[in-house]
Each structure stands twice: as structure tokens, then as C-alpha cells.
Amino acid sequence: MEKTRKHSRHSFRSNTLPAVVMTGPMTLLLILLVAVPLIYVGVMSFCSIDQYYNVVFQFTTKNYARLVSLDYMKIYGQSLLIAFVTTVICILIGYPFSWLIARTKSKYKKILYMLVIVPFWTNSLIRVYGWRTFLGTNGWLNTALQFLHLTDGPLNFLYNRGTTILGMVYCLLPFMILPLYTSIEKLDQSLLEASADLGAKKAATFVEVVLPLTAGGIFSGSIMIFIPCLGYFFISDILGGGNSDVIGNLIERQFQSGNNWPLGAALSIVLIVITLILVKLYQRMGGSMENLGV
Amino acid sequence: MKRKKRERNRKRLSALFCALVYLFLFLPISVIVVNSMNATTSKPYLSWKGFTLDWYVKLFDNSSLLQSFGNTMVIAIVSTLLATVIGTLGAVGMYRYKFKGKALLDGLLYIPVVIPEIVLGISLLTIFALVDIPRGMLTLILAHVTFCVPYVIFNVRARLAGYDSSIEEASLDLGANRIRTFFEITLPVLAPGIAGGALLAFTLSIDDVIISYFVNGQTKTFPLKVMESIKSGVAPDVNALSTLILLGTIVLVVLTQSDLLKIKKKVKR
């Protein structure tokens, strides 16, 4: 009796004040700095500019008409191709690598895992620039090749689609390794043994048991790689040299040198739509949103 | 015998593969470290002119570089603190109370995580321009808090999933008020999640390039200083500072990690 009385006493107090105090700041932030800005980008994509490149609130669909120009279409295609190839390479390298370090019996396992994260502690721009130094005409690779008399003059490795993809893989590979490491480590060894006991070959066990259980890691890793690839303009700037622009480069140009914000806003809407489609696809395949955060 | 040999070859191949992946991950970092000790003084600082440690001294004379690093640290500390407070309160509030629009709020949380950073960057730029907030420290902090809060919330939420709220009821039953219960019961239980979230927020903030690039105005952060210097070639003092930052982080992590190992050993005994 005593307990119910006390219990009803504090559930009697209003919950409104604590709820507002706790979720208020977060709600305000998400509305003012996420929802409203994105809606405003949507509005701006239908705005015009005057001769001084100021945004004027005058309805037009001109910006969207410009999106379907052939030059832009080529870059969307190229951007999607770069993102796709990057994702596939990250799966092909990341899967066996995560498998090996997640299942090693080495006492250095924890260190091996930490070594994947260490590169993140150096600024990503300067690391990408490090690749440029390495691959450049006076770079380490060319110097080594000429020293070994494998080539006569410097070779041009830089400034093509391949080097942009290399930079993307470099920056994003850990996003494939980390979720895969988690899902492979959780894998129950006895399931693999059971499958082998029941006569399944190694390949069959992999396809029927291992792959379905680790698919979640592949899917979330792919989302966390594919989408940023479309926007990472600085990688194609530094390593692609203007020959392998992604959608992010188009947006960046309109907001900086090009100074046509409404057109940039319309281009951003393209990126938002692609993101929404991919996330829906990811959910349809059974991916959980919670796996994307960490 | 044959099987044993095959097994050994397979192991060697696996080790080689892993070594190649690590080589790939660390190659550009070794370029940075080596170039920080290059005696060259002419742009673009690529040709090797001999070994020197001068840049590690000279970098302390480069006031604009130090200024940018200072800005990065101030922004990272302030936005981590704000994001941690807002995120922790928000995660507990969302967990505890039902209210209208909660599902919508939950959906909004995922936007900064999945959307390409450039879209978040330009959307913040347009809104700051619309309400005419001068671009600088304030807008940088606001932007960093925005993309850090969801990560704090996800980390705290993961901790809340295994949380037994009856201990809070017990605290209230024993006469503690809500605020005392929050500080003495709820917070200690959530501490690991909060710490994880704060660490992630800090890491994201110091490394951010894209979002800062759009909202910075005249204020330079360290990554933006790097971006600026890329056009003319990254100077060895920038490489030296990067090397120092990397070393500092490694020391910090080794210290905290070995601490963890010690605790584990004690428990075992």
C-alpha cells in the first residue's frame, strides 16, 4: 500500500516541464539548423538571380531546366560511376581484411583494429595531398621507378578518374572495415562448424551462412561510402585535377566562384533525391538506420 | 604434410594482404612525416633538400598557422561540450517521454548523418545569409554542433537500451528530487555512452573540411588553412604540425588504453 501511494505521488507531477527542458534544445537545433535550412534550399532552387547575382524571390523553373543539360548529365553519370566503383573496391578489399583481423588469434588484435582508425587522426585533406606528392611527376613513385631504370621519364599517374577513385577508396575504406569487423566478430563459430559438420563445402557455408549474417555490415558500409563519394569535391579537386568532377564539385562551384546560389540549390536537390532513394533502398533490403550512425 | 604446407601458404598470403592494406592506409602519412623534415624552402616544397628538424621550431613563428590551429581547438572544445549536453539531455528525454512529433524528430536526427556534408554546408550557409548572421566563429560552432549532436544521441541511446529505469524510481521513492536523481543516478550509468559520443564529436569537429568551408567567412580553421595552402604546395611547417597532432593523439590513446588494460588485469586478480 505504502508503495503505490508514493508511486502515485510522483507520477502525479507534470511531465511537461522536464520533457521540454530535456528535448527542447535538441528540437530547436534540429528544426532551425537542419529542417528549415533544407526547406529553404528547396525554396531557393525555384528562385531567380538579378544581374548582380543576388537571389531574388521570383518563381522560376529555369534552374531545373539547366540541370538536364548534357554537360551536367555527364557529370552525374561520372559521379555515380566513381561512387559505385569506389564502393565495390571497398567491399573487395574491406571484406577479406575485416575477416582476417576480426578472426585472428594474434595477441595484437586490438592494435590491428586501432591501426585502421589511426589515419583518421591526421586531417583528411593533408593525407589526400600526401597521395598527390607520392604520385606526382616528381613524386616518390616516379623517382623510385626511374632510379630502378624501369621507366625513362616521369609517368603521369595523376589527374584522372582512377586517381580520384583511389582518393575516395583511401578516405572511405575504414567505413567499410569498421561495420564489417563488428558483424564478423559477432559471427558464431559454432554455426560455421555445424554447417561443415552437415557436409557443406567452405564456399557453400560462406554463401549460405556467413554472407547473410554479415550482409548488414556490407549494406551499411556501402551507404556510408556511396553517398559521401557524390559530394567529396576536394578529392577530385586535388587528385582528379578537374577531369573527374563529382556532383559536389558542381555545387561547390555555384556557391563559391560561380555565385549562382539558386542553381547550386537545385543541384543540391538532385543530391538529396539520390540520397533519399538510396536510403529507402537500404531500408527495403532490411538495413537498420541505427547501424549508420556509428 | 601437403595440407600443412598449404595451410602455411594461406597464412602467409593473408598476412601479406593485411600488410598491403596497412601500407595503403599509412603511405600518405609517411609522406607527411618525411616532408616535415625536408630542408627545402621553395614552393611547392616537393624536392628533397636534405634532413632538418627546423620546421618543428619555425612553425611556432607562423602566427596564422597557429591561429588556425587555435581556432580549430576552440571550435572543437566548445561544440563538443554543447553537443554533448544537448545530445545527452535529448537522448534521455526522447527515451523517457512520449510527445507529438517524436517520430519526425527522430527522422530529422538521421539527416546530418546520411546526407552529403556539402548539402548540410550549403543549407547552413544559405540560412545564415538569409538571417544575416556574420560568418565566423559563431556560425562555425553552430554548424559543428549541428552535425555532432546526432552522434552523441546515438551513442547515449545505445547505452539507454540496456538501462533499467526502476533505479530512478527507487531514487525518487527514497526522496531525491528529479534533478538530483538525474545527476546522481542517470548520468553515471550513461557515462560511457556520453564519453564515446563526446570523443566522436571532437574527432569529427577537428577534421571537418566541407561544412566549415561554407560557413567560415574569414575565420580559418586548421583544415581550411591546409586547403588554402594546397594551391601553392603544402609547406613543411604544416606537415610538421600535422605530425605533432598525430603524435599527440597516439600518446593520448596509448595512455588511456594502457590504463584500461591495467584495470582489466586488476579485475582478473
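How many Å separate the centres of domain 1 of chain A and domain 2 of chain A? The answer is 40 Å, taken over C-alpha atoms. Domain 1 covers 1-39 and domain 2 covers 70-293. Such bounds come from an automatic or database domain assignment.

This is a predicted model, in which local features need pLDDT of at least 70, side-chain atom pairs count only at pLDDT 80 or more, and totals for chains, interfaces and linings use all residues. Residues are numbered from 1 along each chain as its sequence is written, while chains are lettered from A and ligands numbered from 1 in the order in which they are written.

Start with chain A as a whole. It has 14 helices and two strands. These are DSSP runs numbered from the N terminus: helices are H or I with at least four residues, strands are E with at least two. The radius of gyration of chain A is 25 Å, well over the 19 Å of the globule rule for 294 residues, so chain A is more spread out than a compact globule. That radius is taken over C-alpha atoms, and the rule is 2.2 Å times the number of residues to the power 0.38. Along its principal axes, the C-alpha trace of chain A spans about 90 × 70 × 35 Å.

Now look inside chain A. Helix α6 (residues 124-135) packs against helix α8 (residues 161-186) at an angle of about 140°, with axes 11 Å apart. Axes are lines fitted to C-alpha atoms, for helices over the stretch in contact, and angles run from 0 to 180 degrees between N-to-C directions. The angle makes α6(A) oblique to α8(A). Under 35 degrees is roughly parallel, over 145 roughly antiparallel, 65 to 115 roughly perpendicular, and the rest oblique. On the α6(A) side, the contact uses Ser124(A), Val128(A), Trp131(A) and Leu135(A). Residues are in contact if their C-beta atoms, placed from the backbone, lie within 7 Å.

Next, chain A meets chain B. The contact takes 69 residues from chain B and 67 residues from chain A. Helix α1 (residues 2-35) of chain B gives the most to its side, with 13 residues.

One helix pair spans the two chains. Helix α2 (residues 16-44) of chain A and helix α3 (residues 63-96) of chain B pack at about 120°, with axes 8 Å apart. That makes α2(A) oblique to α3(B). Among the residues in this contact are Met22(A) and Leu29(A) of α2(A), and Ile86(B) and Gly90(B) of α3(B).

Conventions
Contact = placed C-beta atoms within 7 Å.
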